[in-house]
Amino acid sequence: MKQLEKTPPNFWNMLSNLALVRFLLLFASGWAGLQLLAYFETAVAVFAIAALVAFLLNYPVRNLQRFLPRSLAVAFVVAIAILVFGGLTVTVGVTLLSQGQQLIDSMTEFVNALAPLSERIEAFLRARNLQVNLRVIEEQLRNQALAGVVSSIAFLQVFLTNLLNLILIMVVASFMLLDGERLWLLVLKFIPRHLHRRLSVTIEKNFLGFFKAQILLMLFLTTASFLIFLLLDVKFPLILAFIIGLFDLVPGIGATLGISLVCFIVLSQSVWLSLKVLTACIILQQLQDNFIQPRLMQNSLNLNPVVVFFALLVGARSAGLLGIFLAIPLAGVIVSWFEIEEMQAES
């Protein structure tokens, strides 16, 4: 009697009604969660940013607790943070707005100056029986250039003028610093007690490591770019350095996008100057990516670049700008918690 060969189980046979119901419930829960986030977008954004601010300020508060009561330590740290932010807003912010307006005017003049050049190119090609309409390209170039610069300046203007939300964020962050420990203990009740320590360490390592590294990288690239622009005698050095630093906050491709935009803007001043700016910025970016970032991210995030870009796309689609900043540390927490080696970067 011949032994019957065992056939591998078919996927559709393994898919029971119970597994299908669980999958549909999980999908429906995720969809409902996204709808709730979209409906309460402003409230979620305010409390999420306040939680991040409280999370970062908790470390100087913890150090001051060795000398002061926690309430006084919180008041001192929050007051210093408000003074620093207010001082930067008054000094640097006003300068940025002034240079931003001048930059828009300069870009408008540059794009308008392209009209005679396009007409000469059309005449040159028409004389050789080549019918090319460069006015459409010129119009698209004008719209894209102005839209890119205006959107960058508009983001800064919204950030500076939305003082009510900023005040609300600082108030909520202050209360989180005072009473946030009890809220954190409430969150820990949903997981087994023996995992409390591991969860705290994982979140602290990924979130603190990511945001500390991103802030330091932004400060480095912004300061270095500003000094380079001063040495090269570039117009509007502060606003251009700020644009690069702002884009650098986006992991992965942010610095490249910022440098490309700035080089296009400097093109209105001089082609040779734009090439020098491009070369200097590429050198700075390589120094940042190959020497500074690995040391800052050491013992922190360890994600495959593909996972980083996937997390960015999902975060942007789910929660917009806030999702972009939260996607990377959340992905790091998930990969570290479940120890998914395939999603980690090669050592």
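Axes here are lines fitted to C-alpha atoms, for helices over the stretch in contact, and angles run from 0 to 180 degrees between N-to-C directions. The model is predicted, so to speak of local features a pLDDT of at least 70 is needed, side-chain atom pairs count only at pLDDT 80 or more, and totals for chains, interfaces and linings use all residues. Residues are numbered from 1 along each chain as its sequence is written, and side-chain values use heavy atoms, with hydrogens and water left out.

**Exercise 1.** Work out how helix H7 and H10 pack.

*Solution.* 
- Helices are DSSP runs of H or I with at least four residues, numbered from the N terminus. H7 spans residues 196–231, and its axis lies 10 Å from that of H10, at an angle of about 155 degrees.
- Angles over 145 degrees count as roughly antiparallel, so H7 is roughly antiparallel to H10.

**Exercise 2.** Is glutamine 288 buried or exposed?

*Solution.* 
- Start with its place: glutamine 288 lies in helix H10, residues 271–296.
- Next, apply the cut-offs: buried means under 20% relative accessible area, exposed over 50%, partly exposed in between (1.4 Å probe, protein chains only).
- Glutamine 288 has 2% relative accessibility, so it counts as buried.
- Finally, list its contacts (heavy atoms within 4.5 Å). Leaving aside neighbours within four places in sequence, glutamine 288 touches Leu217, Phe220, Leu221, Asp248, Gln293 and Pro294.

Note on methods:
Helix = DSSP H or I, 4+ residues; strand = E, 2+ residues; numbered from the N terminus. Parallel < 35°, antiparallel > 145°, perpendicular 65-115°, else oblique.
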